[in-house]
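The report that follows is intended to be read with the sequence and the model side by side.

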Amino acid sequence: MTLSNHLSSRASIALIITTSCLAAVTQGYDASMMNGLNLLPSYTDYFQLNAATLGLNTAAIWIGGTLATFPFGPIMDRWGRKPGLYVVSALTIFATILQSAAQNVAMFAIARILIGFAIAGVALICPAYVAETLPPTWRSTGLGILNSIFYVGGLIAAAVTYGTSHMQSTWAWRIPSLMQGIFAIASLAILPFIPESPRFLQSKGRTEDAIRSLAIITSNGDIDDLAVVEQYEEIKLTLEWEKNQHVLSAKHILKQPPLRKRLNLTISVALIVALSGNNIVSYYFGTMLSQAGITSTDTQLVINVVLNVFCLVAALVGTYLADKMGRKPLALTSSVLQTVFLFILGALTKVFGTTDNKLGIYATVAMIFLFQGAYSFAWTPLATMYPPEVLNYSLRALGMSIYTFCFYGSGLAVTFVFPTALDTIGWKLYMINGGWDILQTMFVAWYWVETKGLTLEGIDQVFVSDHHPSTVAKLHTTEMADDARASKIDIETQEKI
């Protein structure tokens, strides 16, 4: 089926996580790169940017992301998860070449729309692919790292833009733009070595391929391994049960409380991730630092590098704790902390933003770090971990499309609004955003469900209880395991006789 037939399960798991992360790292690279480019005179002067065109160049990626939600869901369901990854990787390479060769604002913006289109495709496909393919023991780690790698991309971009910042030519911004495509090239190189989602294969009636895919990532290719048999039986019964339900439609979703709740949870993650205040820092960090009293471009670029390292560590710690604390406690801890830090940041910016008080300036920068760390601790891993977990197979492609649309749609709105808002109301924007964060914390505490330690089919039981076929699958596979043990005892007894 794939070149992965010749690899061990651990090697296959490592490659699945690696190729998905390589595809996902582009978004972190892009956010940090634009942060760095917005600080470079060679970039702003070349395009003669004002507040409107600065917002356009930055927000173009969100335009592309919003548009990408329509085609990638059907691509996933019709042709598979891996073909979708091939498409987004190839598109990223083309778009980065176009971006680095841009001669005017229009060409640069079009390239960024295409990059946004590809990045949104990654955000839609990779979580579904990783969740459906990795064993339950690796799912939390794989999904958490998938978005935490955002900061690795950010760190690389921050280092690259700092390294080219002293160039006097347009290569100061063209080189960082061109390097954005390297990750997609590496992802394309690994794709032939990893298996397709076993759940997708089974949904298409490709039973042998589905079992082989499970064996590749579970038992070093042994299709007769009991763990493979058990998991396949659970997947098969669940997909058969879902097919026997009503045809998935907007009317059916609205009439079914479990499906409504799945989508509501998915949408809540998209809105929280996009609107918590993180986008202010991700794309307009330079403006925030200037408001805090730090105006040196070199100093801002160095702080940007350090911030990405700090956020990466926080995100990896959150990924590690997701299976220990649980998704809901992790989200609540992060939401409470980031709300407090955002209010303090607004107060510090108001008091010290226009002064030379070094202590106040340092405190403001420290609060930016604490806010980003609190956000990264939970919402970076949960952004790609929670939605594909709460969505069942038949709803996963559509649900991830809706998630991506809501994330990029709300991100587009705030990215256009934030430059003007920061110029107009300054510190008050942080206070308004802090009020939203209070509401999101209350929603998570009231509405969210826990998914820690469960298989995808086991999570389905949280929504549909005992009517779900995974209960039957567990009984059936237990009987199979008992029969296998009994047969083994009989054989050993006969050999002794």
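## Basis and a first site

Contact here means heavy atoms within 4.5 Å. The model is predicted, so that local features need pLDDT of at least 70 and side-chain atom pairs count only at pLDDT 80 or more, whereas totals for chains, interfaces and linings use all residues. Residues are numbered from 1 along each chain as its sequence is written, and side-chain values use heavy atoms, with hydrogens and water left out.

Threonine 164 belongs to helix 7, which covers residues 150–164; helices (H or I, at least four residues) are DSSP runs numbered from the N terminus. Setting aside neighbours within four places in sequence, threonine 164 is in contact with Trp171, Ala172, Ile175 and Pro176. Its C-alpha atom is separated by 7.6 Å from that of isoleucine 175, which is 11 residues away along the chain. A polar atom of the threonine 164 side chain lies 2.7 Å from the backbone oxygen of alanine 172. With a relative accessibility of 5%, threonine 164 counts as buried, a term that means under 20% relative accessible area, with exposed being over 50% and partly exposed in between (1.4 Å probe, protein chains only).

## Nonpolar cores

A nonpolar core is a set of buried Ala, Val, Leu, Ile, Met, Phe, Trp, Tyr and Cys residues joined through side-chain atoms within 4.5 Å. The largest one has 119 residues, of which Tyr43, Trp379 and Trp448 touch the most other members. The greatest contribution to this core, 16 residues, comes from helix 18 (residues 358–390). A second, separate core has 10 residues, among them Leu201, Ala210, Leu239 and Tyr393.

Apart from neighbours within four places in sequence, tyrosine 43 is in contact with Met34, Leu37, Asn38, Leu49, Asn57, Phe108 and Trp173.

## Aromatic rings and charges

Rings of Phe, Tyr and Trp (its six-membered ring) pair if their centres lie within 6.5 Å, and planes under 30 degrees apart count as stacked, over 60 as edge-to-face and the rest as tilted. The structure holds 18 aromatic pairs. One of them joins tyrosine 386 and tryptophan 448, whose ring centres are 4.0 Å apart and whose planes stand at 5°, so this pair is stacked. Because tyrosine 386 lies in helix 18 and tryptophan 448 in the loop between helix 20 (428–447) and helix 21 (456–464), the pair ties together parts that are 62 residues apart in sequence.

Phenylalanine 443 and tryptophan 446 have ring centres 6.0 Å apart and planes at 75°, so their pair is edge-to-face. They are three residues apart in helix 20, and therefore separated by about one helical turn. Phenylalanine 443 is partly exposed at 27% relative accessibility, while tryptophan 446 is exposed at 65%.

One aromatic cluster is formed by Tyr43, Tyr46, Phe47, Phe108 and Trp173. A charge sits over a ring if NZ of Lys or CZ of Arg is within 6 Å of the ring centre and within 35 degrees of the ring normal. Arginine 174 lies over the face of tyrosine 46, 5.4 Å from the ring centre, and the charged end of lysine 261 sits over the ring of tyrosine 447, 4.6 Å from its centre.

## Cysteines

The structure holds zero disulfides, a disulfide being a pair of cysteine sulfur atoms within 2.5 Å. Cysteine 21 is in no disulfide, and the nearest cysteine sulfur, that of cysteine 126, is 8.2 Å away. Cysteine 21 is buried at 7% relative accessibility, and cysteine 311 is buried with a relative accessible area of 1%.

How values were computed
Helices (H or I, at least four residues) and strands (E, at least two) are DSSP runs, numbered from the N terminus. A polar contact is a pair of N or O atoms within 3.5 Å; within protein, one must be able to donate a hydrogen and the other to accept it, and residues adjacent in sequence count only if both atoms are side-chain atoms.
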